[in-house]
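My notes follow in the order in which I took them.

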Amino acid sequence: MSGDTPRVSVVIPTVGRPELSEAVTSALSQTLPPTEILVCADTSDPIEVPDHPSVRILRVGPGAGGNAARDAGIRAAAGNLIALLDDDDVWHDGRLETQLNAIRSAGLHDHDAWIASCSVQVSRSGQFVDVWPHDVYDEVRPLAEYLFARTAARGGTGFIQASTLLFPRWLALDVPFDAGLRFHQDVTWLLETVRQHSRLRILQIKAPLVVYRVGAASVSSAIRADASTEWALEYVSRHSRRALGDFLLTQPVYYARAGGNLPAALRAVRLGIRRGRPSASAVAYAFFTVGRIVVDRSFGHMARA
């Protein structure tokens with residue numbers, strides 16, 4: 001960032017997961033050390049973090065939600081830049097330095113509207129299983145289409161996750177994280193920031209600089225299909241009919257299968273076709289997944305008979 005002095009405040013929303021200390025340690029181990037690490041505890045339980053002068057615990061809630069914790073940390077931050085880190089993820093040592101170098105190379109300053117991201121190493125049950133996204137954002141396509149428009153029946157979408165985000169503090173004060181949301185939190189902020197700042201730059205580095213842990217305890221595993229459908233109708237519909245159609249025929253249908261909710265899956269498909277412009281890949285995914293829900297329900301009825 002030419003002429004600017006980067007002072008990075010790391011904001012970690014937490015409910016006290018056992019991985020929290022590892023997340024904080026990864027922030028402390030950066031080759032370009034952050035100014036401070038704000039652990040925003042959405043719980044009244046004791047919080048165990050490494051003893052370090054730059055680590056500070058803020059109490060939020062309890063039960064306020066991840067976005068309320070993020071917003072509290074951003075408002076309390078002393079830095080001119082904010083780096084987000086979820087309490088069950090881990091940064092590689094060069095995450096901040098690599099992203100800041102990319103921002104400098106792009107000629108951007110802390111008073112400009114920009115968001116830096118990167119790829120992630122996906123970890124499931126302690127094993128690295130993939131690198132997401134397979135294609136980083138090129139700033140050519142609309143962001144909603146990059147995130148949701150499918151190019152294949154399985155996968156084929158982009159990916160930007162909270163623990164990869166670095167941005168000027170003023171940007172999140174201007175477009176706050178919505179404390180009322182309990183899911184799709186980071187992507188909602190991205191979409192709303194793009195909508196409100198037409199000159200926003202989004203730089204996504206291809207190198208995987210974050211370990212992103214997925215598993216049964218994640219927030220996404222508890223999302224209801226109908227709630228995801230309503231979210232898309234409110235937020236994704238503002239950006240692109242293609243993105244809306246592909247999202248509705250995939251994400252809520254996926255959640256509906258996890259919950260065995262055939263009516264919710266059919267509603268999402270119907271709305272996606274009526275109000276969106278889904279791709280053939282999304283239609284194929286929806287057809288296959290709805291079929292699996294029907295089969296699962298049929299075998300369930302047979303087992304109970």
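I began with the pair α9 (residues 251–259) and α10, whose axes come within 8 Å and cross at roughly 170 degrees. Axes here are lines fitted to C-alpha atoms, for helices over the stretch in contact, with angles from 0 to 180 degrees between N-to-C directions. α9 is therefore roughly antiparallel to α10, the term for angles over 145 degrees. Helices are DSSP runs of H or I with at least four residues, strands are E runs of at least two, and both are numbered from the N terminus.

Before going on I noted that this is a predicted model, in which local features need pLDDT of at least 70 and side-chain atom pairs pLDDT 80 or more, while totals for chains, interfaces and linings use all residues. Residues are numbered from 1 along each chain as its sequence is written, and side-chain values use heavy atoms, leaving out hydrogens and water.

Next I listed the contacts (heavy atoms within 4.5 Å). From α9, Pro252, Val253 and Ala256 meet Ala264, Ala265, Ala268 and Val269 of α10.

α10 covers residues 262–275 and reaches 20 Å from first to last C-alpha, close to the 20 Å expected at 1.5 Å a residue. The expected span is 1.5 Å times one less than the number of residues.

I turned to α6 (residues 185–196), where nine of the twelve residues are buried. Among them are Trp189, Leu190 and Leu191. The buried residues of α6 pack against several elements, including α2 (66–76), β6 (114–124) and α7 (225–235).

In α2 I looked up Arg70. Arg70 is buried, at a relative accessible area of 6%. Its side chain makes a polar contact of 3.2 Å with that of Asp86; such a contact is an N or O pair within 3.5 Å, with one atom able to donate a hydrogen and the other to accept it, and residues adjacent in sequence count only if both atoms are side-chain atoms. Arg70 also touches Gln185, a buried residue of α6.

Last came the cysteines. I found zero disulfides, taking one as two cysteine sulfur atoms within 2.5 Å. Cys40 is buried at 0%, and Cys118 is buried at 1%.

Conventions
Buried < 20%, exposed > 50% of the residue type's maximum accessible area, 1.4 Å probe, protein only. Parallel < 35°, antiparallel > 145°, perpendicular 65-115°, else oblique. Lists of a residue's contacts leave out its neighbours within four places in sequence.
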